[in-house]
Amino acid sequence: MTSNASSTGSQFLSLHLLETLVAVLPVRDENGSPKSIVYGGTERHMITSQARRRAERVHTRDRANAGLGALAGHSTGVRTREWALITARALSSAHGWDEEEAVRTARAVIEATGLKFGDPGKKTVANLTKVLLFAPADAGTRIAAHIDEQAESVRSWADEYVAAQTAAAAAKGKKGARRNGGQAEPNADETPAADTKLPAAPAATRAAVLTALAPRDAIDIALYGRFLAEIADSPNVDGAVQSSHAFTVHEAEQVDDFYAAADDAKLDRKKNALDFLDAADDAGAGMTGYQSLITGTFYRHAVLDRLRLRRNLQAAGMTAQEAEEASVAAEAEFVTAFVDAFPEAKKNSTASTGSLPALVLAFEGERPYNYAAAFQAPIDENPLDKDGEGPAGPAAVRRLLKHHAFVSRRRADIQVARVLTYDPQIDELLGTLKDTGAVAVASPVELTA
């Protein structure tokens with residue numbers, strides 16, 4: 001054990017996973033096409049780390065909130081632009097405030113803390129922050145409790161703040177109109193003029209908002225981190241989890257699937273038609289189109305920095321013992337989510353979330369280890385007797401374990417690896433491979449010490 005490692009082993013837990021997906025579309029670009037990268041001179045399909053991390057984070061949060069898994073009962077976070085609305089609902093439901101006043105006050109309090117909001121003239125975004133804010137799930141309830149407790153002073157300040165903001169926006173609009181020959185400046189009321197002095201929020205109120213938004217004991221914020229540049233005195237959290245983009249171990253394989261959707265009402269009418277013209281109505285489909293689908297065996301990788309996780313939790317207020325216990329639980333749930341969670345895009349039409357990995361490799365070390373280099377040369381799936389490597393799944397397993405065995409003989413810090421498979425063919429293959437430096441386990445929780 002190193003001097004800066006946790007009590008559960010070395011500082012870093014490296015995870016590597018191979019999974020075969022058929023006719024799915026878990027992520028898309030701005031044109032609705034599958035995302036891809038060029039690696040090793042060939043195009044590969046890609047599933048971004050952002051999509052995977054959200055799936056893992058939500059999987060962990062939902063299990064904790066449902067009382068399942070090692071993190072049952074622990075606090076988690078919510079990433080949203082709706083904190084003003086969430087706070088307003090708490091003011092209305094728990095403290096009896098008028099809805100309109102609750103929204104206006106909640107927005108003013110949060111905005112005065114440093115967060116920017118959307119254009120007041122656009123109802124859809126007026127009460128949404130411009131950036132997503134990852135904060136503990138009870139942040140809105142805490143802010144609402146403070147506002148109600150200090151209702152007299154907060155109401156007085158909020159009325160003054162909103163009046164000054166409205167006056168500043170009107171002045172900016174008039175100034176823009178004069179510059180543009182009588183036409184109001186576009187989005188003139190979006191933000192107050194730069195030189196406008198809005199009344200600062202009461203010190204106690206600002207402190208209450210910052211405390212409510214602070215990461216505190218939200219485990220998933222400690223795991224995945226948070227970057228909030230808009231509030232200078234709200235420290236960012238450097239996440240304990242590093243994630244790579246997943247990519248296919250072979251050349252990209254894509255199909256543009258043509259689909260036709262039936263119009264139920266039209267078909268019923270034609271079926272029961274008593275009129276010749278009704279029966280001869282357009283016989284075409286109700287709607288047609290194309291969707292891209294991808295197939296392949298993907299490699300993905302993630303690392304958990306155990307020391308960073310414990311430091312994040314202690315910085316949030318936990319004692320060393322509390323941080324240790326929470327970190328062990330968080331590690332177990334993180335590994336479970338890494339294995340089980342999957343992005344939900346197109347899940348109903350592709351059943352993609354039912355996929356299970358062909359192989360998971362986990363080991364500890366004094367630094368992270370990424371094995372993407374094992375697949376720089378794309379796998380050739382031609383038959384083995386024709387200079388190919390055979391099906392991508394087993395071929396990728398052989399490559400990955402061979403790569404790990406080679407590296408582990410040269411890196412003394414790598415501890416005994418563990419492998420998990422849900423594929424009986426891969427299980428048989430593992431029995432034939434020698435010197436892999438890995439021990440087979442039967443569940444995700446056994447992948448970690």
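Trainee: Which side chains meet in a salt bridge with Glu-101, and how do I read such a pair?

Mentor: The general idea is that side chains of opposite charge can pair when their charged atoms come close. The rule used here asks for a side-chain nitrogen of Lys or Arg within 4 Å of a carboxyl oxygen of Asp or Glu. In this predicted model, Arg-155 meets Glu-101 in a salt bridge, at 2.6 Å from N to O. The two are 54 residues apart and link distant parts of the chain, with Arg-155 in helix H5 (residues 151-179) and Glu-101 in helix H3. Helices (H or I, at least four residues) and strands (E, at least two) are DSSP runs, numbered from the N terminus.

Trainee: What should I keep in mind about the model itself?

Mentor: It is a predicted model, so local features need pLDDT of at least 70 and side-chain atom pairs count only at pLDDT 80 or more, while totals for chains, interfaces and linings use all residues. Residues are numbered from 1 along each chain as its sequence is written, and side-chain values use heavy atoms, with hydrogens and water left out.

Trainee: Is Glu-101 buried or exposed?

Mentor: Buried means under 20% relative accessible area, exposed over 50%, and partly exposed in between (1.4 Å probe, protein chains only). Glu-101 counts as buried because its relative accessibility is 18%, whereas Arg-155, at 32%, counts as partly exposed.

Trainee: How many salt bridges does the rule give?

Mentor: The count is 15 salt bridges. One of them joins Glu-331 and Arg-306, whose closest N and O atoms are 2.7 Å apart. Glu-331 is in helix H11 (residues 320-340) and Arg-306 in helix H10 (residues 306-315), so this pair ties together parts 25 residues apart in sequence. Both partners are inside the buried class: Glu-331 has 2% relative accessibility, and Arg-306 has a relative accessible area of 0%.

Another salt bridge is between Arg-399 and Glu-389, with 2.6 Å between the closest N and O atoms. Arg-399 lies in helix H13 (residues 392-408), and Glu-389 in the loop between strand E10 (359-365) and H13, so parts 10 residues apart in sequence are tied together. Here Arg-399 is buried at 17%, but Glu-389 is partly exposed at 22%. Salt bridges that share partners also join Glu-19, Arg-52, Glu-56 and Arg-300 into one network.

Trainee: Back to H3, then. How do I read its length and its two ends?

Mentor: For length, the expected span is 1.5 Å times one less than the number of residues. H3 (residues 99-113) has 15 residues and reaches 21 Å from first C-alpha to last, close to the expected 21 Å. At the start of H3, a side-chain oxygen of Asp-98 comes to within 3.2 Å of the backbone nitrogen of Glu-100. After H3 comes Gly-114, with a positive phi near 135°.

Trainee: At what angle do H3 and H6 pack?

Mentor: Axes are lines fitted to C-alpha atoms, for helices over the stretch in contact, and angles run from 0 to 180 degrees between N-to-C directions. H3 and helix H6 (residues 203-213) pack at about 85°, with axes 9 Å apart. That makes H3 roughly perpendicular to H6; angles under 35 degrees count as roughly parallel, over 145 as roughly antiparallel, 65 to 115 as roughly perpendicular and the rest as oblique. Contact means heavy atoms within 4.5 Å. Val-109, Ala-112 and Thr-113 of H3 make the contact with Thr-205, Arg-206, Val-209 and Leu-210 of H6.

Conventions: A polar contact is a pair of N or O atoms within 3.5 Å; within protein, one must be able to donate a hydrogen and the other to accept it, and residues adjacent in sequence count only if both atoms are side-chain atoms.
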